[in-house]
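Work through these exercises with the model open beside you. Try each task before reading its solution.

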Amino acid sequence: MTSRFISSPSSSPSHSSPSPSSAPTRRTVVKAAATAAVAAPALLGAASPALAEATAPAFLHGVASGDPLPDGVLLWTRVTPVPEAVPGSGLGPDVRVGWEVAEDRAFARVVASGATTAGAATDHTVKADVRGLRPATAYWFRFTVDGVVSPAARTRTTPAADEAAPGVRFGVVSCANWEAGHFSAYRHLAARADLDAVLHLGDYLYEYASGVYPDAKYTVRAHEPRHETVSLADYRARHGKYKTDPDLRALHAAHPVIAIWDDHEFANDAWTGGAENHTPGAEGAWAARVAAAKQAYFEWMPVRASTEGTVFRRLRFGRLADLHLLDLRSFRSAQARTGSGAVDDPERSITGRAQLDWLKAGLAGSDATWQLVGTSVMISPVAFGALPAHLLAPLAELMGLPKEGLAVNADQWDGYTDDRKELLAHLTARGVRNTVFLTGDIHMAWANDVPVRAATYPLSASAATEFVVTSVTSDNLDDLLHVAPGTLSAVAATAVKAANRHVKWVDMDHHGYGVLDVTAARSQMDYYTVSDKTDPYATTAWARSYRTASGTQRVERVYQPVL
């Protein structure tokens with residue numbers, strides 16, 4: 001289903017003998033105090049893509065890395081060989097693209113290199129799956145074509161599989177709607193020198209036509225193409241537009257990105273056979289649209305395709321943590337009618353049988369201290385107490401609930417309760433400890449215990465914990481109500497926590513990102529917010545922190561971030 005440029009035997013990397021590492025150690029001091037976040041794009045060269053003469057090749061969409069391994073990493077770029085070869089155009093000649101990996105920014109100590117061909121068949125994107133690197137080591141990489149050199153970027157390999165790594169730290173993001181604001185959250189994460197990788201939990205881009213979400217009068221900047229993305233050319237063009245953003249390019253140039261998709265990489269509320277935002281006939285066959293969206297995704301993202309061209313896969317960070325990444329769109333049953341008993345139907349699935357069995361086997365068979373599960377939609381159950389109508393309507397829009405009444409969110413695990421019941425029972429029966437779900441999707445920040453039986457919690461056990469990060473820009477409660485943060489949302493948050501005692505905190509107002517720090521003793525999520533998503537120079541501030549101590553399966557508040 002996908003076309004990718006990967007180093008082949010005919011273009012295999014050449015390796016020099018590794019020299020003693022002079023690369024930075026894994027845990028370095030955060031540079032935000034010493035270097036303003038606004039300087040990050042210039043520091044990495046990501047804000048100034050390599051532009052030569054008008055007719056010369058150019059790297060207009062930056063460079064990126066992803067899916068790090070102990071001995072390698074996936075490198076990515078997109079070449080514009082001639083001006084008319086814009087994303088999705090199908091125009092432009094094939095060009096030979098070289099790549100190299102070095103231990104230093106000056107590329108005096110190159111440890112791997114190779115070359116491949118970029119052409120219109122894959123929208124002139126390039127991927128190189130580099131191996132032969134050292135574990136837990138920082139590297140620099142770049143690309144060249146016809147004498148033009150791309151910006152240099154940083155990446156990092158993971159600890160050896162059997163290493164007792166002292167810690168790992170991730171930036172965590174989701175839900176970046178171009179039209180809703182600027183990607184300042186990415187800029188602030190790019191400025192940090194202490195991250196091992198950035199975990200993107202889905203909705204990397206949005207498929208809507210311009211002026212649909214949000215309404216045109218609230219649009220900060222316009223999508224390209226202006227119409228809804230349906231065809232392969234459309235999805236390629238939308239990916240290309242996103243990667244003109246300087247903050248997004250800076251993020252990719254600073255850290256390896258580990259990404260999964262959610263629905264908006266395809267269409268809103270996608271499932272195996274369709275989507276809420278897809279009209280058969282008028283917008284073609286759903287299978288054709290999905291194939292186009294997936295092809296563009298794998299062309300434009302530093303992600304390795306997994307089984308059947310999906311994104312569920314597993315990465316390891318020594319014996320400290322296994323990261324299980326889920327695809328909750330490719331195999332799911334259609335969402336149940338809200339309020340119906342179909343949410344409990346054991347024949348319906350959010351994961352699909354094969355993926356759920358894969359996840360259960362990976363969790364039970366792991367010898368890592370922590371089991372981190374990247375899930376694009378919330379697994380914790382949520383019921384709603386009495387809410388005023390003026391709050392229920394916008395909250396229902398965020399959560400996918402009927403505005404005229406209360407019900408579960410059928411697009412989340414709440415709509416597929418048999419899968420959740422089976423998974424949590426498996427964790428309990430097999431004694432799987434220290435499972436932490438990492439979630440995006442709903443444009444709010446949450447810290448939850450994941451109860452075996454929510455109705456009797458806290459008397460019943462908690463099988464896991466969950467940290468949900470808010471959106472980078474996509475609308476949340478105060479955006480929908482057009483009120484100041486912390487006003488009407490205080491009533492809604494109080495009602496949600498009162499009806500759900502396993503929910504320890506929910507922030508319905510802000511935009512930003514998370515930083516997850518994992519040690520043998522605990523996993524801690526630090527929540528950061530940005531001052532104004534409509535301001536390209538927005539500042540950032542720490543908001544709250546929660547942690548799960550090893551062996552507890554419970555979250556507790558912490559009163560300062562990890563430094």
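**Exercise 1. A histidine in a strand**

Task: Decide whether His200 is buried or exposed, and find what surrounds His200.

Solution. This is a predicted model, so read each value as computed.

Step 1. The relative accessibility of His200 is 2%. Buried means under 20%. His200 is therefore buried.

Step 2. His200 belongs to strand β11, residues 197-200.

Step 3. List the contacts, leaving out residues up to four places away in sequence. His200 touches Val173, Ser174 and Cys175, then Tyr186, and then Val257, Ile258, Ala259 and Ile260.

Step 4. A polar atom of the His200 side chain lies 3.3 Å from the backbone nitrogen of Gly202.

**Exercise 2. Two helices side by side**

Task: Describe how α6 and α8 pack, starting from the angle and the distance between their axes.

Solution. Two packed helices are described by the angle between their axes and the distance between the axes.

Step 1. Take the helices: α6 covers residues 353-365 and α8 covers residues 417-429. Their axes are 10 Å apart, at an angle of about 15 degrees.

Step 2. Classify the angle. Angles under 35 degrees count as roughly parallel. So α6 and α8 are roughly parallel to each other.

Step 3. The crossing of α6 past α8 is right-handed.

Step 4. Name the residues that meet. From α6 come Arg353, Leu356, Asp357, Leu359, Lys360, Leu363 and Ala364. From α8 come Asp419, Glu422, Leu423, His426 and Leu427.

Step 5. Sort them by class. The contact of α6 with α8 has six nonpolar, one polar and five charged residues.

**Exercise 3. A covered helix and its cap**

Task: How many of the nine residues of α4 are buried, and which residue caps the N-terminal end of α4?

Solution. 

Step 1. Helix α4 runs over residues 246-254, and eight of its nine residues are buried.

Step 2. The buried set is Asp247, Leu248, Arg249, Ala250, Leu251, His252, Ala253 and Ala254.

Step 3. The cap is Asp245. A side-chain oxygen of Asp245 lies 2.9 Å from the backbone nitrogen of Asp247.

**Exercise 4. Backbone exceptions**

Solution. Most residues other than glycine have a negative phi, and most peptide bonds are trans.

Step 1. Pro458 lies in the loop between β17 and β18.

Step 2. With a relative accessible area of 28%, Ala136 is partly exposed.

Step 3. Look for Asp146 in the loop between β7 and β8. At 62% relative accessible area, Asp146 is exposed.

**Exercise 5. An arginine in a loop**

Task: Which residues does Arg433 contact, beyond its neighbours within four places in sequence?

Solution. 

Step 1. Arg433 lies in the loop between α8 and β16. Arg433 is partly exposed, at 46% relative accessible area.

Step 2. The contacts are Thr369, Gln371, Gly551 and Gln553.

Step 3. The Arg433 side chain reaches the backbone oxygen of Gly551 at 2.6 Å.

Step 4. Compare sequence with space. Arg433 and Ala368 are 65 residues apart in sequence, and their C-alpha atoms are 10.0 Å apart.

Key. Residues are numbered from 1 along each chain as its sequence is written. This is a predicted model: local features need pLDDT of at least 70, side-chain atom pairs count only at pLDDT 80 or more; totals for chains, interfaces and linings use all residues. Side-chain values use heavy atoms; hydrogens and water are left out. Axes are lines fitted to C-alpha atoms, for helices over the stretch in contact, and angles run from 0 to 180 degrees between N-to-C directions. Helices (H or I, at least four residues) and strands (E, at least two) are DSSP runs, numbered from the N terminus. Angles under 35 degrees count as roughly parallel, over 145 as roughly antiparallel, 65 to 115 as roughly perpendicular and the rest as oblique. A crossing is left-handed if the near helix is turned anticlockwise from the far one by less than a right angle, and right-handed if clockwise. Contact means heavy atoms within 4.5 Å. Ala, Val, Leu, Ile, Met, Phe, Trp, Tyr, Cys and Pro count as nonpolar, Asp, Glu, Lys and Arg as charged, and the others, Gly among them, as polar. Buried means under 20% relative accessible area, exposed over 50%, partly exposed in between (1.4 Å probe, protein chains only). A polar contact is a pair of N or O atoms within 3.5 Å; within protein, one must be able to donate a hydrogen and the other to accept it, and residues adjacent in sequence count only if both atoms are side-chain atoms.
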